[in-house]
Amino acid sequence: MPRSRPCFPSPHPVRRSPALRSPVHPFRLHSGNMFFHIVLERNMQLHPRHFGRDLREKLVSKLMKDVEGTCSGRHGFVVAITGIENVGKGLIRDGTGFVTFPVKYQCVVFRPFKGEILEAVVTMVNKMGFFAEAGPVQIFVSNHLIPDDMEFQTGDMPNYTTSDGSVKIQKDSEVRLKIIGTRVDATEIFCIGTIKDDFLGVISDPGTTS
Amino acid sequence: MTHLWRTPVPWLGRKISKLKLYAVISLNPHLASILCSSFLKQKKMSDKGGKGGKSALKSPASKGKDDSAKLKGRKVQFDSEDMFDEKFETNGNGKSNGKGDTPFSKGKGGKGDKGGSAKKEPPPLLLNVEQELPENAKCLMNCEAAQILQGIQDHMVLLSKDPTIKIPSSFDRALQYASTGSFYTNPQSVRQVLESLKKQDVSDGEICVIANTGIESSKKVFALMPSLKAKKTNVKESLTTALTELKKLKTVTESTIVLD
């Protein structure tokens, strides 16, 4: 069975879990986008054992294995390859039997930007701050970038709470934060965020939405 | 500090080249700190009046006696006149003008200039999507991304039979993020409605923000995107129409929370 991805597959009804997000308020002055559809090029090396009638399929599956899930500073996460635009002529490398094919492919990438305001779900809270996730991106908000009136509370469910107890940040809380820095390595993008600016902070508490 | 490398330093009565100075510094790392401190002191002295620079320069050398002992037979002499060679070449003499501004305070030195000038506030954090991505990048609305990824996931049920193909965890997280972040189930209709705004020079990114945020009021759109506010007079009417159409397409879910 050919294992290839369709380019822009036919519309499927989007099965989604109940949205937890709230309507946006007009204070998201620097909102941006995260998903992009771009064309990238890569030189794929193939061992001679793969040569044959399934050469193209083997090239595509190798591309998927090599590229999907990786990330770069420029493009962000390569979430999924949607299609192959062009496979160029192979070039035999001197001294080895490997052949290099230039492959142009379309893919969906996910990239955070500095200055972007987005909503994330808290995954862990500790005295240094809290970790949140927005898609595949991990964001850390230091306690220095949490409003001063929120203090860390230890316990079974560590959290940051205001003095009057009205606002609480704990695991599974939704927060609106602003990205102030990013760090990229081969498999991950890690961001630093803040909730200290105006109109940033908790959107919903997991206790109230259940 | 970088400016020091440009001008040759007198060494045993003769000038030495930059490379030799590098070699000496690499052999004696302490010399780098002595050079820095002497330069800073010289700068302070020149700010005050410029005179007595020589004595200020010599004092750190005397402090670093251990290092100077190692450099026996080699006197590191920083002649202030030579340090200002670059500036005073045209004067024809080696004497300092005694003024506060030195070559180190000029932009060339970089570090020296940064050290001397007042600290500038960092520029505000601006979102520069277009400049950071390649030209062929197309902004995707969350609903579009959710549709594409959902389709791929359905095909992955077949692909998963092959043990060599592993689904990256970033895929599932991205799909979940896109799904929970979208208000619409029919991205094609949304795109069709918002395409009309392109005639008014609304960019692709701005269109996607409108779709992703699910805003219903044009006032809020202009507040959200200052770049769109600049085109307000041209865009307002068509934007209001588009938002009205989008409202009809929006899916109302049980857990939509309305905050006042």
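1. The model is predicted. Please read each point below with that in mind.

2. Chain B overall. Its secondary structure comes to 16 helices and three strands. The chain has 260 residues, and 42% of them are buried. Its accessible surface is about 15,100 Å². Carbon and sulfur atoms hold 54% of that surface.

3. Contacts along chain B. Take the contacts with a separation of 6 or more. Of these, 60% join residues 24 or more positions apart.

4. A helix pair in chain B. Two packed helices are described by the angle between their axes and the distance between the axes. Here the pair is helix H12 (residues 187–195) and helix H16 (residues 232–249) of chain B. Their axes come within 9 Å and cross at roughly 170°. Angles over 145 degrees count as roughly antiparallel, and H12(B) and H16(B) are therefore roughly antiparallel to each other.

5. Where the pair meets. H12(B) brings Ser189(B), Val190(B), Val193(B) and Leu194(B). H16(B) brings Ala242(B), Glu245(B), Leu246(B) and Leu249(B). What kinds of residues make up this contact of H12(B) with H16(B)? Six are nonpolar, one is polar and one is charged.

6. A sheet in chain A. Three strands form an open sheet in the order E9-E10-E11, with antiparallel pairing. Which are the edge strands? They are E9 (150–153) and E11 (168–169) of chain A, and each pairs on one side only.

7. Bridges in that sheet. Strand E10 (residues 159–162) of chain A is joined to E11(A) by two bridges, and the two strands run antiparallel. Thr161(A) has Lys168(A) in E11(A) as its bridge partner.

Key
Residues numbered from 1 in each chain as written. Chains lettered and ligands numbered in written order. Predicted model: local features only at pLDDT ≥ 70, side-chain atom pairs only at ≥ 80, totals over all residues. Heavy atoms only, no water. Helix = DSSP H or I, 4+ residues; strand = E, 2+ residues; numbered from the N terminus. Buried < 20%, exposed > 50% of the residue type's maximum accessible area, 1.4 Å probe, protein only. Contact = heavy atoms within 4.5 Å. Areas by Shrake-Rupley, 256 points an atom, 1.4 Å probe, with all protein chains shown as cover. Axes fitted to C-alpha atoms, helices over the stretch in contact; angles between N-to-C directions. Parallel < 35°, antiparallel > 145°, perpendicular 65-115°, else oblique. Nonpolar A, V, L, I, M, F, W, Y, C, P; charged D, E, K, R; others polar. Pairing = 2+ DSSP bridges.
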